[in-house]
Amino acid sequence: GILVVDDQPLTRMVVTSLLSKACPESTLDIAENGEEAVAQARKTNYDLILMDINMPKMDGLRATKAIRASERDGSIPSSPVLGARSVPIVAITASTYQHL
């Protein structure tokens, strides 16, 4: 399955719509912030996590560090697809920055 983590409803809708067409066999789960992502990753073996960088409560970098720590201490079991490898976590963002 794939976990999509983003605090913006429009971004979640676009990403899940694209993924459901590109990967119709995959289960798609949603988390709205890093805290939810860590909690879901601890109870579900994901094949891929798409993680927004800027979110309230816990940002994507802190959530990724927490997920990696949980993998190391065994509270997140190995993926059945990936074996002993860590779940891939890909950063996503819909933000734009104006360069000065």
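User: A helix here is a DSSP run of H or I with at least four residues, numbered from the N terminus. In this predicted model, which helix holds Gln40?
Analyst: The model is predicted, not solved by experiment. Look for the run of residues that includes position 40. Residues 34–43 form that run, and Gln40 therefore belongs to helix 2.

User: Is Gln40 buried or exposed?
Analyst: The cut-off for buried is under 20% relative accessible area. Gln40 has a relative accessibility of 15%, so Gln40 counts as buried.

User: Which residues does Gln40 touch, leaving out those up to four places away in sequence?
Analyst: One of them is Asp29, which sits 11 residues from Gln40 in sequence. Their C-alpha atoms are 8.8 Å apart. With the sequence neighbours left out, Gln40 touches Leu3, Asp29, Ile30, Ala31 and Tyr46.

User: Asp29 is in strand 2; which residue is its bridge partner in strand 1?
Analyst: Strand 1 covers residues 2–5. Strand 1 and strand 2 pair in the parallel sense over four bridges. Within this pairing, the partner of Asp29 is Leu3.

User: What is the order of the strands in the sheet?
Analyst: Along the sequence, the pattern of the chain is β-α-β-α-β-α-β. That pattern holds three helices and four strands. The four strands make an open sheet with parallel pairing, in the order 2-1-3-4.

User: Why is one side of strand 2 and of strand 4 left without a neighbour in the sheet?
Analyst: The sheet is open, with the order 2-1-3-4. Strand 2 (28–31) and strand 4 (89–92) stand at its edges. One side of each has no neighbour in the sheet because each has a single partner strand.

User: Which residues of strand 1 are buried on its two faces?
Analyst: In a regular strand, side chains alternate between the two faces of the sheet. In strand 1, both faces are covered. One side has Ile2 and Val4, and the other has Leu3 and Val5.

User: Helix 1 packs on the sheet; what angle does its direction make with that of strand 2?
Analyst: Helix 1 touches strand 1, strand 2, strand 3 (48–52) and strand 4. The angle between the directions of helix 1 and strand 2 is about 170°.

User: Which strands does helix 3 touch?
Analyst: Helix 3 spans residues 60–73 and packs on the sheet. Its direction makes about 150° with that of strand 3. The strands that helix 3 touches are strand 3 and strand 4.

User: Is Thr11 buried or exposed?
Analyst: Thr11 lies in helix 1. Beyond its neighbours within four places in sequence, Thr11 contacts Asp6 and Ala94. Its relative accessible area is 17%, under the 20% cut-off, so Thr11 is buried.

User: What is the relative accessible area of Val14?
Analyst: Val14 is in helix 1 as well (residues 9–22). Together with Leu10, Met13 and Leu18, Val14 makes a nonpolar surface patch of about 420 Å². Val14 is partly exposed, with a value of 41%.

User: What share of the residues in the protein chain counts as buried?
Analyst: The accessible surface of the chain is about 6,100 Å². Carbon and sulfur atoms account for 56% of this surface. Among the 100 residues, the buried share is 35%.

Conventions. Residues are numbered from 1 along each chain as its sequence is written. This is a predicted model: local features need pLDDT of at least 70, side-chain atom pairs count only at pLDDT 80 or more; totals for chains, interfaces and linings use all residues. Side-chain values use heavy atoms; hydrogens and water are left out. Patches are made of residues with over 30% relative accessible area and no salt bridge: like charges are joined within 9 Å, nonpolar side chains (Val, Leu, Ile, Met, Phe, Trp, Tyr) within 5 Å. Accessible areas come from the Shrake-Rupley method with a 1.4 Å probe; for residues, only the protein chains shown count as cover. A salt bridge is a side-chain nitrogen of Lys or Arg within 4 Å of a carboxyl oxygen of Asp or Glu. Buried means under 20% relative accessible area, exposed over 50%, partly exposed in between (1.4 Å probe, protein chains only). Two strands pair if DSSP finds at least two bridges between them. Contact means heavy atoms within 4.5 Å. Axes are lines fitted to C-alpha atoms, for helices over the stretch in contact, and angles run from 0 to 180 degrees between N-to-C directions.
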